[in-house]
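Here are my notes for you to read alongside the model. They start with the overall picture and then turn to particular residues.

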Amino acid sequence: MKTKVKSDYRKALIDKMGVSIRQGEVRIDSVKTAYLSAGSGSCVIFLHGAGAGGVTWYPTIAAIAKHFHVLAPDIVGYGESDKPNAPYDRPYFTKWLKGFLLEMKISKVHIVGLSQGGAIALQFAIDHPEMVDKLVVVDSAGLGAKVSLWPFIGMIWMNTFPSSMANRFNSSYILHRPENRDPNHSFYSIAVLKDKGGKNVFKQGRGAAVSKISEESLQQIRNETLIIWGKDDQLFPVEYGEKAAKIIPNAKFHLIEDAGHLPLMDQPEKFNNILTNFLNK
């Protein structure tokens, strides 16, 4: 029997999306960015968290592509995108995001950011408000939460010695029920980390992208904002999301029961309904 490789895991997740997916790549300052695209209309860009790539959004892309043009890039350092030696802090990621949008000829976009992708989305809205329509952050980093001991150990283990065992340990802290995650996403995450440069974000970024954004900066965000949180998130406690919703002027908060750090996987139907309603209104 043929042994599965990274491309097989990625293809399985794309096939599971249940919508016609266009795959492409662009170069920004000579750095390749791979992306997935679906649907048509106003653009929504999905920014995944610190792992895997754009395929992380496999439970959500089809639902949003019914109403919008969805772009799910592999953020620089992840997925099929290049993994250069770089600082991997928020200024680096926001410069990359602006370059990607300009290369795609998109002047204004709805942004949905998960975990570390949420921190990038928040910083981008602060730095380039004219390019952001609505803003959604999901169990977002950058709001001051410190990861507790055992999830922190799991994160270090996974990013230092990626393996199925490390993934199982880590999954118990990022999902309400680990079986809610497609195994192909786990396998793909491990394979990406094993790529040449796959650990660069973790080793060279040293957590800079998820460091706390000041309250003064958050208060500058005037875009209509939705903060979504899994009630059982063991990485970033829910009170950080609730507090941010009081700081960001036009923000609303939505809690999802029976969901952890990845509510789009734990409760995909609820998550997709909340996101669709917000973007459509």
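1. Overall size. A compact globule with 281 residues would have a radius of gyration near 19 Å, and the protein has 17 Å, which agrees. That radius is taken over C-alpha atoms, and the globule rule is 2.2 Å times the number of residues to the power 0.38. Along its principal axes, the C-alpha trace spans about 55 × 40 × 35 Å.

2. Ground rules. Please keep in mind that this is a predicted model, in which local features need pLDDT of at least 70, side-chain atom pairs count only at pLDDT 80 or more, and totals for chains, interfaces and linings use all residues. Residues are numbered from 1 along each chain as its sequence is written, and side-chain values use heavy atoms, with hydrogens and water left out.

3. Secondary structure and contacts. You will find 12 helices and 8 strands in the protein. These are DSSP runs numbered from the N terminus, with helices being H or I of at least four residues and strands being E of at least two. Of the contacts (heavy atoms within 4.5 Å) between residues at least 6 apart in sequence, 73% join residues at least 24 apart.

4. Surface and burial. Buried residues make up 57% of the 281 residues. Here buried means under 20% relative accessible area, exposed means over 50%, and partly exposed lies in between, with a 1.4 Å probe and protein chains only. The accessible surface comes to about 12200 Å², and 52% of that belongs to carbon and sulfur atoms. Areas come from the Shrake-Rupley method with a 1.4 Å probe; for residues, only the protein chains shown count as cover.

5. Charges. The protein has 34 positive and 27 negative charges, and their mean positions are 4 Å apart. Lys and Arg count as positive and Asp and Glu as negative, while His and the chain ends are not counted. Each charge is placed at NZ of Lys, CZ of Arg, CG of Asp or CD of Glu.

6. Side chains of opposite charge can pair when their charged atoms come close. The structure holds 9 salt bridges, each being a side-chain nitrogen of Lys or Arg within 4 Å of a carboxyl oxygen of Asp or Glu. One of them joins Lys11 to Asp15 at 2.8 Å, N to O. Both residues sit in helix α1 (residues 6-16), 4 residues apart, or about one turn of the helix, and both are exposed. Another joins Lys16 to Asp182 at 2.9 Å, N to O. Lys16 lies in helix α1 and Asp182 in the loop between α6 (164-174) and α7 (183-194), so this pair ties together parts that are 166 residues apart in sequence. Asp182 is buried, at 10% relative accessible area. Do also look at Lys6, Glu80 and Asp195, which are linked in a network of salt bridges.

7. The end of the chain. Which residue does Glu224 meet in a salt bridge? The partner is Lys281, at 3.7 Å, N to O. Glu224 is in the loop between α9 (215-218) and β7 (225-230), and Lys281 is in the segment after α12 (268-280), so the pair ties together parts that are 57 residues apart in sequence. Glu224 is partly exposed, with a relative accessible area of 31%, whereas Lys281 is exposed, at 53%. Not counting residues up to four places away in sequence, Lys281 touches Lys134, Glu224 and Lys252.

8. Helix α10. The buried residues of this helix (residues 238-247) are Val238, Gly241, Ala244, Ala245 and Ile247. Their cover includes α9, β7 and β8 (251-256).

9. Asn200. This residue lies in helix α8 (residues 200-205) and counts as buried, at 10% relative accessibility. Leaving aside neighbours within four places in sequence, Asn200 is in contact with Lys83, Pro84, Asn85, Tyr88 and Gly205.

10. Most residues other than glycine have a negative phi. Asp29, however, has a positive phi near 55 degrees, and Ser30 has a positive phi of about 75 degrees. Asp29 lies in the loop between β1 (22-28) and β2 (31-38), and Ser30 is also placed in the loop between β1 and β2. Asp29 is exposed at 60% relative accessible area, and Ser30 is exposed at 59%.
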